[in-house]
Amino acid sequence: MDLYTPATCYMFSVYNRNSLTGDSVKLKHIAFWKAYTQNQLSDKDLSNALYGKDKKERQLLTDYLSRHNDRDAFYYVSLLASMNRISSDNDQWNYPTKADLINRKKTWLLLLKEASRKIDRSKNLSSRYWLMAVRAAFYSGNRKMCQQLWNKYSRKFPKGYIKDLAEGYQANYWYGDGEREKVREFYARVGDLRSLRWCFRNDIGLSGIQRLYAEAPHSMAFPYLIQDYVNSMDNDRMSLEFEEPGKVDSTKLALEKEMNDFRTFASTVISEDKVEYPALWKSAAAYFAYLEGKNKKAIDELAEADAMKGNERMKDNIRAIRFLVSSTTADYHQGYDDYVLKELHWLVDKVKAEPMYADWYSYRSHYTDVMERIVFFNLTPGYLKAGRFTTAAALTGMVHEYIDVELSNQKHGQIQPGSNEWNMAQDYNNELFDLLDTADVKDVVAYAALIRNTDKGTDLEKYAASYCYNSSDYFNELIGTKYLRLEQFGEARTYLEKVPLAFMSKLNTAPYLHREVTSPYWFAWQMRGKLKGKRYVTAVLTENPKLAFCDEMLNLQHDFATATDDVKKADCSYRIAELYAQASLTGDCWAYLHYSWSAYKESVRSHSQENYCRKAQEWLEKSNELDFSDANRVKCLFALASLSDKPWSEIGYDENYKEKLIYHFDGSQAKAFNDLYPLRSSPAFVECGLKKCDNLSNYFDHFRDFTKKMIF
């Protein structure tokens, strides 16, 4: 299976890969028994009863059969339970002993005897007893009996999945007898793609394709084998991004050689006119041209492939690849919009027509993969490069909303007040959010305006925007936060005051918004207990803290601008620095400006960084210059030391990887501590409690020891 990101999901698809992920046989079994029990049992209950090994799991089904005096079905279910207990599927991680193997064979022989006895006697479950008997004969090693059961009853039962399953055991014998194409044709006909893949598990490569062509040029397995081969080559090419440069060069050359060898072989195959679908071969060759960066050649060859014989899936594959290739190098002008609009309409129709399947990442299908890869990684950056942000954002928003929200049945993702779960809500963890969060705030304002009034957009924008999430609260909060990062507090206030508290209380960061900027960041160690209680609060907000932050900052800036006394200006400067520091990424109130946080600053999105820490330092330096009193200097110097990005000492390693202290006496923290040293006996120093700061005390001790050594 391919990787679970839109950037790397497979694009070449001439058969529906969904059959490899779902258990269609299991669903058919459950559907039969649901109808048999007149819809009295749920799918989950029936799944437990039919595939479980414990009596408890069968209780609801056996109770139903007992109430209806259905002895035949009751007996079948009891035999099924015995089969489940010895099924190799359930024991795949166990290593049976010799005694276990003997007991299993005894059970299979008993099942063979009892199921065979019931085939002609059962009124409603005859075919199921037959399938059980065939399976028991196969697993007990009785090939002759397995063949006899097939010969005797195969004509009695109509075509359907039960008969296909029974014939599958015969196919195992065919494979052992060397009738490989007969087996491949059977698996292709019944849609057993897992078994079909197993048949050529060692042949996924050019040499395997060449062997199959020499053996059976009309093989039904070619679509499956070539699809797996093309996608495996695509995967190998993408994996080069994670390799060392030297290894990349040699591996890349080897991949290019094999792709060119396939292209040459495909041309020979097409010219010999033996294969059923030449479009398959030509489209695979064209995809390899695309992987080599030969986009013009790929487009030309896809046109040739489209004119050749191929089934509907192959023609759809050609169309999807053409869209992918064209979007890689397109000139994103108005004329290209018409093509994109037509292809998106087509892709949406294909998504609706093909059932989704679930993996650990999301609900998806081949066509949702195509849509995500083309839009997120080609169209979006292409339109951005062309200076068309609203088009790029609308396309990104459309795909996210349609696939991740509508098709996957996700809700717009804030956490509920009182919830203990920490989750990265969908609204703040998707491709659209990443795009909006990185963009200039004016572009986000323009996108929000388009979503509110789609009539102002182009035809492509109108179509894409019709799918997009339209919430004025979401956009007002996001835009207001972006203005906060830019320190445009008046503009931020204009947007944030429109956001209701109910929305703020459901933000993904809502539990972290209860921290207050009024507690100085640099004295947090003195109030650890009090602050810890507000680290994560699951309660409804009673005020918008971002709005309150704007008001407080605007008031302080006004006070500073109108103050005529330097001491008052210094006090305003210090308080402004407090606000900046607390709202920075390293502050307690990081959630005012950010939607995620990490102890490792470099892992936080670069576009979420703000200049608040540096601004706090500037205002502290200004305060220190305006008021040179001991009280103000002690506070400002200690604050500057706390905001330093280089500690005066840290643990490092010597050449033998042993720990040692590394000193940074030329750093800003050492400078601030050095300036604090003459003030260590002042009342302000004592009043601020700085004697309890271990880091500062350690510096002073080191400073004194160093000074003594210099004197003597």
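Q: How do helix 29 and helix 30 pack, and at what angle?
A: In this predicted model, helix 29 (residues 612–626) and helix 30 (residues 630–642) pack at about 155 degrees, their axes 9 Å apart. That makes helix 29 roughly antiparallel to helix 30, a label for angles over 145 degrees.

Q: Which residues of helix 29 meet helix 30?
A: Gln 617, Leu 620, Glu 621, Ser 623 and Asn 624 in helix 29 touch Asn 632, Arg 633, Cys 636, Leu 637, Ala 639 and Leu 640 in helix 30, where contact means heavy atoms within 4.5 Å. Sorted by type, the residues of this contact are five nonpolar, four polar and two charged.

Q: Switching topic, how many aromatic pairs are there?
A: The count is 59 aromatic pairs, with ring centres within 6.5 Å of each other.

Q: How are Phe 32 and Trp 33 arranged?
A: They pair edge-to-face, 5.5 Å centre to centre with 90 degrees between the planes; edge-to-face needs planes over 60 degrees apart.

Q: And is Trp 33 buried or exposed?
A: Trp 33 is buried at 2% relative accessibility, whereas Phe 32 is partly exposed at 25%. Buried means under 20% relative accessible area, exposed over 50%, and partly exposed in between, using a 1.4 Å probe and protein chains only.

Q: Which residues do ring pairs link into a cluster?
A: Trp 648, Tyr 663, Phe 665, Phe 673, Tyr 677, Phe 685, Tyr 699 and Phe 700.

Technical notes
Residues are numbered from 1 along each chain as its sequence is written. This is a predicted model: local features need pLDDT of at least 70, side-chain atom pairs count only at pLDDT 80 or more; totals for chains, interfaces and linings use all residues. Side-chain values use heavy atoms; hydrogens and water are left out. Axes are lines fitted to C-alpha atoms, for helices over the stretch in contact, and angles run from 0 to 180 degrees between N-to-C directions. Helices (H or I, at least four residues) and strands (E, at least two) are DSSP runs, numbered from the N terminus. Angles under 35 degrees count as roughly parallel, over 145 as roughly antiparallel, 65 to 115 as roughly perpendicular and the rest as oblique. Ala, Val, Leu, Ile, Met, Phe, Trp, Tyr, Cys and Pro count as nonpolar, Asp, Glu, Lys and Arg as charged, and the others, Gly among them, as polar. Rings of Phe, Tyr and Trp (its six-membered ring) pair if their centres lie within 6.5 Å; planes under 30 degrees apart count as stacked, over 60 as edge-to-face and the rest as tilted.
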